[in-house]
Amino acid sequence: IRAGKDIVGAINFGYGDPPTDVNVIYRIAGKYKIPPKELEQQLNSYPSRPQYIIEMAKKRLSTAAKLLGAIVDWKRREERIQKKHLILDQKLEYQTAELNSARARVKLITEKAPALMDSVNRNGYIMDVTDYWLEVMGYGRDEVVGHHITEFMTEESRTKAISNDLPVFLEKGSLRNTEYQFRKKNGELLDVIFSAAAERDFRGKIVQSIAVLTDISDLKRTE
């Protein structure tokens, strides 16, 4: 029985006429404790099988062996596929855990870092900001998360961001040292240098970005 190129088993098939040699008959009779004359009579009464019956049996056994081999081969293939799926599932589970851990670290950084930082999605809507960002801007987190980042800019900076800088960011995945003016909740203006870097998915598509804002208000006032 072959499964692919491997031998996995065998089917035994005995055929032919009984022995006629007296010595052989006596040896068999002695082995199984049967009177030799009785065994000889039974052997003489045994009808020979026609050759076509033997050939038919051979073909049937050959077909059965091929079928059993195919079943074993199919089962092996199924087990290999299941093993591959298990490995892929384990890899996916590990990568998902790593991704969740990375996102948790990013969330911790974006909330607790002593800097003006924000995280926005591909469309520019705020996903999170640092506590320091909230402190400087004067907003509560629920007043910021889910809003478009340009809502907190002056009209001039909003136009510049949407018309000029956003297309560049979506193409290159980064934005460096761009000046914007933000408006605090109390109406005061905040001049910043804005830099952002994109996070991409496995297809290379931008899914979110992290931005750092450097306060240059004092510098602007001295100019």
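1. Asparagine 177 lies in strand S5 (residues 174-183). Strands (E, at least two residues) and helices (H or I, at least four) are DSSP runs, numbered from the N terminus. The phi of asparagine 177 is near 50°, a positive value in a residue other than glycine. Asparagine 177 counts as exposed, at 58% relative accessibility. Exposed means over 50% relative accessible area, buried under 20%, partly exposed in between (1.4 Å probe, protein chains only).

2. On the source: this is a predicted model, where local features need pLDDT of at least 70, side-chain atom pairs count only at pLDDT 80 or more, and totals for chains, interfaces and linings use all residues. Residues are numbered from 1 along each chain as its sequence is written, and side-chain values use heavy atoms, with hydrogens and water left out.

3. Lysine 33 sits in the loop between H1 and H2. Its phi is positive, about 55°, although lysine 33 is not a glycine. Lysine 33 is exposed, with a relative accessible area of 74%.

4. Helix H1 (residues 22-32) and helix H2 (residues 36-44) have axes that come within 9 Å and cross at roughly 115°. Axes are lines fitted to C-alpha atoms, for helices over the stretch in contact; angles run from 0 to 180 degrees between N-to-C directions.

5. Which residues make the contact? H1 gives Ile25, Tyr26, Ile28 and Ala29; H2 gives Pro36, Leu39, Glu40 and Leu43. Contact means heavy atoms within 4.5 Å. By class, the contact of H1 with H2 has 7 nonpolar, no polar and 1 charged residues. Ala, Val, Leu, Ile, Met, Phe, Trp, Tyr, Cys and Pro count as nonpolar, Asp, Glu, Lys and Arg as charged, and the others, Gly among them, as polar.
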